[in-house]
Amino acid sequence: MKIAVGSTNPAKIKAVETGFKLREINVSVIPLKVPSDVSEQPFSDEETIKGAINRAENCLKGLDVQIGIGLEGGVTETPFGLCVCNWGALIEKGQPPIIGGGARFLLPEEIAVRLRNGEELGPVMDDFSQKKNVRKKEGAIGIFTNGNVTRDEMFLHVMKILIGQYEYGKI
Ligand SMILES: O=P(O)(O)OP(=O)(O)OP(=O)(O)OC[C@H]1O[C@@H](n2cnc3c(O)ncnc32)[C@H](O)[C@@H]1O
Ligand SMILES: [Mg+2]
């Protein structure tokens, strides 16, 4: 089965490939740079979900694939501080989107302040950790969990939730 993923970020691609492999579903994964049609830094669950769905839909446009997948990272305000949130969407051609959410955690206030002032989490994390391309590697979740949960692992969990619902729909 041919599936397209609306990203070229290695952390996301790895999660998609591993997710299908674990269920012994044979897929060839096509990474596609498509627009999310939301802000570069989504600022609510709603906007992050929309970004994931748009990426999945944009994957299906004009490409001969059965499934489009969108994975989107965002942040959301809570009474406790600014929370990182992650959402995924899996769309089978002609079917409504299947969505699923990932782990969340609070950002330190010094990071949250910068995002509220319009900066993006990706570059802020590189600056904060003095590393390059954190978003393509361990991610903010990897930095702040001391490597205990990495970004691809977090997205793998999202993929398990998406693929499981996809399977359930076939019963
Ligand atoms: O190439 P794409 O697929 O767009 O991958 P991305 O890393 O930019 O990821 P998102 O667009 O889904 O995330 C939205 C923003 O939040 C940043 N971001 C989200 N989660 C992150 C994480 O765990 N670590 C670092 N940056 C993160 C990301 O760099 C963007 O600025
Ligand atoms: Mg992005």
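This is a predicted model: local features need pLDDT of at least 70, side-chain atom pairs count only at pLDDT 80 or more; totals for chains, interfaces and linings use all residues.

Start by selecting Thr 8, which sits in the loop between β1 (2-5) and α1 (10-22). Residues are numbered from 1 along each chain as its sequence is written, while chains are lettered from A and ligands numbered from 1 in the order in which they are written.

**Stop 1**

Is Thr 8 buried or exposed? Thr 8 counts as exposed, because it has 12 C-beta neighbours inside 10 Å. The cut-offs: a residue is buried if 20 or more other C-beta atoms lie within 10 Å of its own, exposed if 12 or fewer, and partly exposed in between, with C-beta atoms placed from the backbone. Not counting residues up to four places away in sequence, Thr 8 touches Pro 31 and Lys 33. Being in contact means that the C-beta atoms of two residues, placed from the backbone, lie within 7 Å.

Click on Ala 11, in helix α1. With 25 C-beta neighbours inside 10 Å, Ala 11 counts as buried. Leaving aside neighbours within four places in sequence, its contacts are Lys 136, Lys 137, Gly 139, Arg 151, Asp 152 and Phe 155.

Then jump to Asp 64, in the loop between α2 (45-60) and β3 (67-78). Asp 64 is exposed, with 8 other C-beta atoms within 10 Å.

**Stop 2: ligand 1**

Show ligand 1 and what lies around it. There are 17 residues surrounding ligand 1, and the closest are Ser 7, Gly 73, Gly 122, Gly 139 and Ala 140. A residue is near a molecule if its C-beta atom, placed from the backbone, lies within 6 Å of it. Colour by element and you'll find that β3, α4 (121-129) and α5 (139-144) each give at least two residues to this shell. By type, the shell splits into five nonpolar, six polar and six charged residues. Here Ala, Val, Leu, Ile, Met, Phe, Trp, Tyr, Cys and Pro count as nonpolar, Asp, Glu, Lys and Arg as charged, and the others, Gly among them, as polar.

**Stop 3: the hairpin**

Select β4 (residues 81-92) and β5: four bridges join these antiparallel strands. Strands pair if DSSP finds at least two bridges between them. Look for Gly 88, whose bridge partner in β5 is Gly 100. The two strands form a hairpin with five residues between them, and Gly 94 in the turn has a positive phi of about 85 degrees. On β5 (residues 98-101), Ile 98 and Gly 100 make up the covered face, while Ile 99 and Gly 101 are on the uncovered one.

Staying in β4, pick Ile 91. Ile 91 is buried, with 24 other C-beta atoms within 10 Å. Beyond four places in sequence, its contacts include Ala 56, Leu 60 and Pro 97.

**Stop 4: the nonpolar core**

Which residues have the most contacts inside the largest nonpolar core? They are Ala 56, Cys 59, Ile 69, Leu 90, Phe 155 and Met 159, in a core of 44 residues. Elements supplying at least two residues each include β1, α1 and α6 (151-168). A nonpolar core is a set of buried Ala, Val, Leu, Ile, Met, Phe, Trp, Tyr and Cys residues joined through C-beta atoms within 7 Å. Centre on Ile 69, which touches, among others beyond four places in sequence, Ile 3, Val 16 and Leu 90.

**Last stop: two positive phi values**

Most residues other than glycine have a negative phi. Asp 37, in the loop between β2 (28-31) and α2, has a positive phi near 55 degrees. Asn 146, in the loop between α5 and α6, has a positive phi near 60 degrees.
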